[in-house]
Amino acid sequence: MNSVQTAVSQTSPPKKSVLYDPKVRGAFYQVVLVIAIIALFYVAATNAIENLQRAKIASGFGFLNNTAGFDISQTLIQFSAAGSTYGDAFIVGLLNTLIVSAIGVFFTTLLGFLVGIARLSKNWMVAKVAMVYVEVLRNIPLLVQLLFWYIAVLGTLPQPRNSLEMGAGFYLNSRGLFMAKPLWASNIGILVGVLVLGLIGTFIYRRWARKQQEQTGRQYPVGKVTLALVFGLPILTWIVLALVGANPIGFELPRKGTFNLTGGMQILPEFVALLLGLVTYTAAFIAEVVRAGILAVSKGQSEAAGSLGLTPGQTLRLVVIPQAMRVIIPPLTSQYLNLTKNSSLAVAIGYPDLVQVFMGTVLNQTGQAIEVVVITMGVYLTISLLTSFFMNIYNRRVAIVER
Amino acid sequence: MKKALVSIAFGLTASLFATGASAQATLNSVKQKGFLTCGSNTGLAGFGQPDAQGGWTGLDVDLCRAIAAAIFDDPTKVRYIPLAAKDRFTALQSGEVDVLSRNSTATMSRDTQLGLDFPVINYFDGQGFMVRKKLGVSSAKELNGASICTQQGTTTELNLADYFRANNMKYEVVAFATSDETFKAYDAGRCDAFTTDASGLYAERLRASAPDDHIVLPEIISKEPLGPAVRHGDNNWGDIVRWTHNAMLNAEELGVTKANVDQMKTSDNPEIKRLLGTEGKFGEAVGLTNDWAVRIIKHVGNYGESFEKNVGEGSRLKIKRGQNALWTKGGLQYGIPVR
């Protein structure tokens, strides 16, 4: 084919029949393909609408404004069976998916990096424990692990009447973890202001310290100062305010009710089980990604760092990890996406995520399978594309800059 | 979950590319396949449950067996598709099952918006609560602040919200996809109370690790007319399901049983003659044979026999006939005359 084309282009005069122009032909086939695909979707859509109408199945998106009529166990926004709509139920489910994914991504990154670095440890014990962790966790199906965590969590926890008191307003029982709920007083603004000041101060100090180091080579205790400014200052302000009798934060403690503790904040066991399952499972994969990334940095780099007098910790932090990140970021993004999508397994353990609430209850109560499934697919696609988008920006920042 | 996805995927593909049904379409396709596909419960004692040999038993299962008996003269020509509550209507809409006989409550929205029909009610039920005895609760009105396990995608879930709102009580709902997961969570102590239809409470209690530790509270908080569902639009198929149940009711009322059905064929009672097809051509009118009712009764029995064997005194559930007694005995089961 190629040789014929080159032969033609070499021997043919400048103008020939359009029919034989490979460019025109290529464009023609692509247009035909696109039309065929559009036609297929069009036929499928119109046929579905026709069939739905014939079967007297309601269609359209109007159901989102109908009253929901059911309750949900974990709601981050105000939600009630009487006053909320299926659209609100959708938002509740979406937020529940997002929160478990966001917290999951945070903890799985920490755990994954820890285990990945541990696998390369020179300490035989640490390396083997990390290896066993990775091989066990990533080779057992996630659903089985979730059920294990849920049943293990539920089975070992005491009944509400014998709640485990852990001090400082923390209680644990089979209904979840209970803790004091902060109540903000009107002067909470002072505390927020101090925190913002601390953040700004840290930023300025770090820039100054860096400049000093670049110019004079002298190092300043950046970490300690950051800690003092961001945490120490607001806590000090809080103590002072409390002492003068204007405590900006009050606490509502859980109290014993008829069946269970009431008041305070409650973290559902379903949430804990799902989070534990997702974090430990995904961390096993991230650990391998991190290990691969570190091994991709040539040994000469750490030897050079060592010869400059950097400690092994500094070598890892300042030389190896920054270079490893270039290799780590793309597969890490995939793991974040996996975690988000895997959170839909929540349905098996009763955590009200998007799939459980929307594709479970709402789909069944309204019977509008096509609309509900299309919306759900759209949501996961959007979340995944957004995650990739931000990770790609980060990837570009850490990528090798050719000098 | 996987099953749910598969059934939804099937549903979508089917509704995307399927063409409309003609008259008698379902009956013809069942005859062509050589078996009936029956959407059944994933496992509810007395109503639809597979046994150790893989055979299915229960009141709802008997209805499917009766339909198969009427069509094929063989109650075993049924393929059971176990469905979770939240997947059942999608499976029926998409044509994955021919009839859904799975203790489903008939409601107006299901009838008018889901593209379904409920030809008959084969069990009159109502929603109740089960709690542990040691909680010391004796009435549903004392459940303020309780956490309650329920199955999602059911009328139960909606009634629960209504009841607590109407009585101005608070509760925490924990919803699971299947009845199995729901009851396991309750049994493991996740919830103070478990709620479903009263019949289901008695059935599930048998599965508890210690059945005697649980009591069913006296309140019945809703009407749950349970019955088989078929797709809207194939009226002939709906007729077959309706008359299968009515044949079983009429047989009980007329004293026709599994044991005496052959002798009864010689009866002089015109009602029995019409039911058993020795007079008139009632079976042919719905696309069956005229001895359709004989087949049903011979293989499955009348409604009373099926009830006693599956959920009544002959079963572990020991549910009284109550509302499900014949109308002649003060119940709501009223067979429409064959004539």
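Trainee: What follows helix 7 of chain A?

Mentor: Helices (H or I, at least four residues) and strands (E, at least two) are DSSP runs, numbered from the N terminus. After helix 7 of chain A comes Gly245(A), with a positive phi near 85°. This is a predicted model: local features need pLDDT of at least 70, side-chain atom pairs count only at pLDDT 80 or more, and totals for chains, interfaces and linings use all residues. Residues are numbered from 1 along each chain as its sequence is written, while chains are lettered from A and ligands numbered from 1 in the order in which they are written.

Trainee: Where does helix 7 of chain A bend?

Mentor: The bend at a residue is the angle between axes fitted to the seven residues ending there and the seven starting there. Helix 7 of chain A bends by about 35° at Gly232(A), and the proline Pro234(A) follows within four residues.

Trainee: Of the residues of helix 2, what number is buried?

Mentor: A residue is buried if 20 or more other C-beta atoms lie within 10 Å of its own, exposed if 12 or fewer, and partly exposed in between, with C-beta atoms placed from the backbone. In helix 2 of chain A the number buried is 2 of 33, so this helix lies largely in the open.

Trainee: Does Pro141(A) count as buried or exposed?

Mentor: Pro141(A) counts as exposed because it has 10 C-beta neighbours inside 10 Å. Its place is in the loop between helix 4 (124-138) and helix 5 of chain A. Pro141(A) and Tyr281(A) are 140 residues apart in sequence, yet 8.9 Å apart in space, C-alpha to C-alpha.

Trainee: How many residues does each chain bring to the contact?

Mentor: Two residues are in contact if their C-beta atoms, placed from the backbone, lie within 7 Å. Chain A brings 40 residues and chain B 42 residues. Among the elements giving two or more residues on the chain A side are helix 5 (142-156) and helix 12 (369-398). Helix 2 of chain A gives the most, with 6 residues.

Trainee: How do I read the radius of gyration of chain A?

Mentor: The radius of gyration is taken over C-alpha atoms, and the globule rule is 2.2 Å times the number of residues to the power 0.38. Chain A has 29 Å, whereas a compact globule of 403 residues would have a value near 22 Å. Its C-alpha atoms fill a box of roughly 95 × 75 × 45 Å along the principal axes, and 28% of its residues count as buried.

Trainee: What does the secondary structure of chain B come to?

Mentor: Chain B has 14 helices and 13 strands. The radius of gyration of chain B is 20 Å, close to the 20 Å the rule gives for 339 residues, so chain B is as compact as a globular protein of that length. Buried residues make up 57% of chain B.
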